[in-house]
Amino acid sequence: MAAKKPRSSSRAKRATDAVAMLKADHRQVEGWFAQFSKSRSDSKKQALAAQICAALTVHTALEEEIFYPAFLAATADKDLHHEAIVEHDGAKKLIAQIGATTPADEYFDAKVTVLSEMIKHHVKEEEQRGGMFSEAKKSKMDLEALGEQMLTRKRALQTGRQAA
Ligand SMILES: [Fe+2]
């Protein structure tokens with residue numbers, strides 16, 4: 001249960017807390033996966049799949065470039081870190097496959113569903129007690145500074161994607 005934060009300045013702080021940012025990303029793609037599973041429209045499914053893959057690509061980049069190295073440096077927890085990296089590799093392969101297919105492909109839905117299951121597992125590993133996020137909070141990591149750094153990188157990645 002989250003304790004109530006003091007009112008003043010907590011909003012601005014939480015906006016750039018690295019763990020809060022990554023969790024917000026998780027909630028966003030979960031919502032899109034839920035919409036995908038309910039949708040019957042191919043064009044809607046294609047748009048959702050593209051949205052999901054783009055968001056996950058940015059999310060995994062932020063974790064791999066900024067959050068995970070900082071976590072490893074602060075905690076020396078190779079088990080948690082390496083497992084997360086291997087899970088990302090699996091997700092990235094599937095994201096590439098989804099990007100190369102359309103809902104006309106017989107396996108399109110299955111690929112998106114399997115990706116959602118992989119992400120669900122990955123999210124649980126990160127967010128559960130003893131997982132990377134709770135260990136990060138216990139560590140000396142500067143989550144605000146990391147969040148700041150991640151926000152800057154996120155904007156650059158999103159702009160780059162739009163320009164591409
Ligand atoms: Fe994540």
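Predicted model: local features only at pLDDT ≥ 70, side-chain atom pairs only at ≥ 80, totals over all residues.
The protein contains seven helices and zero strands, and its elements follow one another along the sequence in the pattern α-α-α-α-α-α-α. Of the 164 residues in the protein, 37% are buried. The accessible surface comes to about 9900 Å², with 55% of that area belonging to carbon and sulfur atoms. When contacts between residues at least 6 apart in sequence are considered, 73% join residues at least 24 apart.

Helix H2 (residues 18–38) takes part in two of the pairings described here, with H3 and with H5. The axes of H2 and helix H3 (residues 42–75) come within 10 Å and cross at roughly 160°. Because angles over 145 degrees count as roughly antiparallel, H2 is assigned a roughly antiparallel orientation to H3. The crossing of these two helices is left-handed. On the H2 side, the contact is formed by Ala18, Val19, Leu22, Asp25, His26, Val29, Trp32, Phe33, Gln35 and Phe36. These residues meet Lys44, Lys45, Leu48, Ala49, Gln51, Ile52, Ala55, Leu56, His59, Glu63 and Phe67 of H3. By class, the contact of H2 with H3 comprises 13 nonpolar, four polar and four charged residues.

The second pairing of H2 is with H5, where the axes come within 11 Å and cross at roughly 150°. This angle therefore makes H2 roughly antiparallel to H5. H2 passes H5 in a left-handed crossing. The contact draws on Lys23, His26, Arg27, Val29, Glu30, Phe33 and Phe36 of H2, and on Phe108, Asp109, Val112, Leu115, Ser116, Ile119, Val123, Glu126 and Glu127 of H5. Eight nonpolar, two polar and six charged residues make up the contact of H2 with H5. Residues of H2 including His26, Val29, Phe33 and Phe36 contribute to the contact with H3 and also to that with H5.

Helix H5 (residues 108–127) is also paired with helix H4 (residues 78–99), the two axes coming within 10 Å and crossing at roughly 160°. H4 and H5 are therefore roughly antiparallel to each other, and H4 passes H5 in a left-handed crossing. From H4, the residues involved are Glu83, Ala84, Glu87, His88, Gly90, Ala91, Leu94, Ile95, Gln97 and Ile98. Their partners in H5 are Phe108, Lys111, Val112, Val114, Leu115, Met118, Ile119, His121, His122 and Glu125. The contact of H4 with H5 divides into eleven nonpolar, five polar and four charged residues. Among the H5 residues that meet H4 are Phe108, Val112, Leu115 and Ile119, and these residues also take part in the contact with H2.

Ala18 lies in helix H2. With a relative accessibility of 0%, Ala18 is classed as buried, because buried means under 20%. Beyond its neighbours within four places in sequence, Ala18 is in contact with Phe67, Leu143, Leu146, Gly147 and Met150. Phe67 is one of the H3 residues in the contact with H2. Ala18 and Asp142, although 124 residues apart in sequence, are 8.7 Å apart in space from C-alpha to C-alpha.

Technical notes: Residues numbered from 1 in each chain as written. Heavy atoms only, no water. Axes fitted to C-alpha atoms, helices over the stretch in contact; angles between N-to-C directions. Helix = DSSP H or I, 4+ residues; strand = E, 2+ residues; numbered from the N terminus. Parallel < 35°, antiparallel > 145°, perpendicular 65-115°, else oblique. Left-handed = near helix turned anticlockwise from the far one by under 90°. Contact = heavy atoms within 4.5 Å. Nonpolar A, V, L, I, M, F, W, Y, C, P; charged D, E, K, R; others polar. Buried < 20%, exposed > 50% of the residue type's maximum accessible area, 1.4 Å probe, protein only. Areas by Shrake-Rupley, 256 points an atom, 1.4 Å probe, with all protein chains shown as cover.
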